[in-house]
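Please take a moment with the sequence and the model below before reading on.

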Amino acid sequence: MNTGETPIVLSDVKIRYYYTKDLVINEIFTCDWSNITAAKITGTVVEMPVPKPNADSYIEIGFIDDAGILNPGENVEIVSRTGNSYALSLATPPYSEWNYMYDQDSDYSFNNTSSDFVVWDKITVYISGELYWGIEP
């Protein structure tokens, strides 16, 4: 959500979720839905060159060049998943393979106290490469 007073160019925004890779291999990011359309969302799985406690990787979510502007008071919702490329290719149940071998309890950015949208400073937001929100691990 843009809580500021000026518009933000979405292609300048990057969001990072820090986690431990555990035993998952061949990871990919998939955006299932967004209120600005999933085609405007990008996602990259990055292994950190210097792991931190509870974080050896992160998912970096961004936006394509023509994703538009986020005006003050507006927000972007993203429904996405990351996991083994084979498991994510399954279009029908069982969906349990989607999180194959992840242990979210060991993830820096995981909030196990909420199942709703909340303010959470262990997910970081960068604008034009500068940390804008959150606390890096």
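Predicted model: local features only at pLDDT ≥ 70, side-chain atom pairs only at ≥ 80, totals over all residues.

**A guided walk through the model**

A polar contact of 2.8 Å links the side chain of arginine 81 to that of aspartate 32. Because buried means under 20% relative accessible area, arginine 81 with its 19% relative accessibility counts as buried.

Stepping back to the whole protein chain, one finds one helix and nine strands, and read from the N terminus on these elements follow the order β-β-β-β-β-β-β-α-β-β. Of the 137 residues in the chain, 31% count as buried.

Five of the strands come together in an open sheet, in which the order is β4-β5-β2-β8-β9 and the pairing is antiparallel. The edges are taken by β4 (41-52) and β9 (130-133), each of which has a single partner strand, and therefore one side of each is left without a neighbour in the sheet. Neighbouring strands of this sheet are turned against each other by 30° on average, with direction ignored.

Eight bridges join β4 to β5 in an antiparallel arrangement, and among the residues facing each other here, valine 46 has tyrosine 58 in β5 as its bridge partner. The hairpin formed by β4 and β5 has two residues between the strands, and in this hairpin asparagine 54 takes a positive phi near 65°.

β5 (residues 55-63) also pairs with β2 (residues 13-19), again in the antiparallel sense, over five bridges. Tyrosine 17 has isoleucine 59 in β5 as its bridge partner, while arginine 16 stands opposite glutamate 60 in β5. As for how much of this strand is covered, β5 is mostly so, with eight of its nine residues buried.

The surface gives a contrasting view, which begins with valine 119 in the loop between α1 (85-88) and β8 (123-127). Since exposed means over 50% relative accessible area, valine 119 with its 70% relative accessibility counts as exposed. Together with Tyr132 and Trp133, Val119 makes a nonpolar surface patch of about 360 Å².

Technical notes. Residues numbered from 1 in each chain as written. Heavy atoms only, no water. Pairing = 2+ DSSP bridges. Helix = DSSP H or I, 4+ residues; strand = E, 2+ residues; numbered from the N terminus. Axes fitted to C-alpha atoms, helices over the stretch in contact; angles between N-to-C directions. Buried < 20%, exposed > 50% of the residue type's maximum accessible area, 1.4 Å probe, protein only. Polar contact = N/O pair within 3.5 Å; in protein donor to acceptor, adjacent residues only side chain to side chain. Patch = residues over 30% accessible without salt bridge, like charges linked within 9 Å, V, L, I, M, F, W, Y side chains within 5 Å. Areas by Shrake-Rupley, 256 points an atom, 1.4 Å probe, with all protein chains shown as cover. Salt bridge = Lys/Arg side-chain N within 4 Å of Asp/Glu carboxyl O.
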